[in-house]
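Work through the following exercises with the sequence and the model at hand, and compare each step with the solution that follows it.

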Amino acid sequence: MNRLQQKLQEDKKLISIYFTAGYPNLNDTVSIIQDLEKSGVDLIEIGLPFSDPLADGPTIQASSTQALKNGMTTEILFNQLKDIRKTVNIPLIIMGYFNPMLQYGVEAFCKQCQAIGIDGLIIPDLPVDVYHDEYKAIFDTYGLVNVFLITPQTSEERIRYIDSISNGFIYMVSSASVTGSQSGFGDEQTAYFKRIADMKLKNPQIVGFGINNNETFNQATTYAKGAIIGSAFIKHVSSEKLDTIPDFVSGILQ
């Protein structure tokens, strides 16, 4: 059982923060991770920037573009993180698109993740069936949890299939939109959260897209194990000094 699987067993609502590696500045990655852990975050999603991020809204896209301009690459990220486990204990997940991983070599990528202490991956554009048939054995070899996304449009059959091959959590996208485009949850989304909870899946669900304050965090976690904040955090570090990260996190948790 890795750090992520252990964390998911804790009797509390989890807060996960997504940020783009290499943003706002190339060498901010490690200090942001350390500050987030000190601020009480339960797990962190480290965004590997990509030039064509399909699921990302304008805020995360802009941060990816800037991170790439700053010089961020897969190799640089791995180098930045090589000693991360000397100072950070909470679960770390790399979230990114499949192309950079394919270019690096999937097995080489997974091996490097294991070496530096990454607990899981989120790859929005890697189809579940392709993962299961071609890559699951590699992920298992290197002790990596692969996290799949579902949306309000995902069929029950598909959700149950995803649940059957998952060994961490299910990333529950709150709506059929890109990141950062929500301003709260209505009856339709609340009904969706409840519908998934009522399916009694073996893997807990963590809600992403649209969580930006204490109210939306509480709405999202009424039926789910936790919530992910991405665009709102990136907006914060874009406009505020990094030493205000604890203020941001405490504002979500209150």
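The structure is a predicted model, in which local features need pLDDT of at least 70 and side-chain atom pairs count only at pLDDT 80 or more, while totals for chains, interfaces and linings use all residues. Residues are numbered from 1 along each chain as its sequence is written, and side-chain values use heavy atoms, with hydrogens and water left out.

**Exercise 1.** Determine the strand order of the sheet and identify its edges.

*Solution.* Strands are DSSP runs of E with at least two residues, helices are runs of H or I with at least four, and both are numbered from the N terminus; two strands pair if DSSP finds at least two bridges between them. On this basis, nine strands form an open sheet with parallel pairing, in the order β5-β4-β3-β2-β1-β9-β8-β7-β6. The edges are held by β5 (145-147) and β6 (149-150), each with a single partner strand, so one side of each has no neighbour in the sheet. Within the sheet, β8 (residues 205-208) runs parallel to β9 (residues 226-229) and is joined to β9 by two bridges; I206 has G226 of β9 as its bridge partner.

**Exercise 2.** Describe how α3 packs against α11.

*Solution.* The axes, which are lines fitted to C-alpha atoms over the stretch in contact, with angles from 0 to 180 degrees between N-to-C directions, come within 9 Å for α3 (residues 58-70) and α11 (residues 231-239), and cross at roughly 55°. Angles under 35 degrees count as roughly parallel, over 145 as roughly antiparallel, 65 to 115 as roughly perpendicular and the rest as oblique, and α3 and α11 are therefore oblique to each other. With contact meaning heavy atoms within 4.5 Å, T59, I60 and S63 in α3 meet S231, I234 and K235 in α11.

**Exercise 3.** Carry out the corresponding analysis for α7 and α8.

*Solution.* Helix α7 (residues 128-141) packs against helix α8 (residues 156-165) with the axes 11 Å apart and at an angle of about 20°, which makes α7 roughly parallel to α8. The contact involves V128, D129, Y131, H132 and K136 of α7, together with R158, Y161, I162 and I165 of α8.

**Exercise 4.** Locate the salt bridge of R85 and state which parts of the chain the pair ties together.

*Solution.* A salt bridge is a side-chain nitrogen of Lys or Arg within 4 Å of a carboxyl oxygen of Asp or Glu, and the structure holds ten of them. In one of these, R85 is paired with D119, the closest N and O atoms being 2.9 Å apart. R85 lies in the loop between α4 (74-80) and β3 (92-95), and D119 in the loop between α6 (106-116) and β4 (120-122), so the pair ties together parts that are 34 residues apart in sequence.
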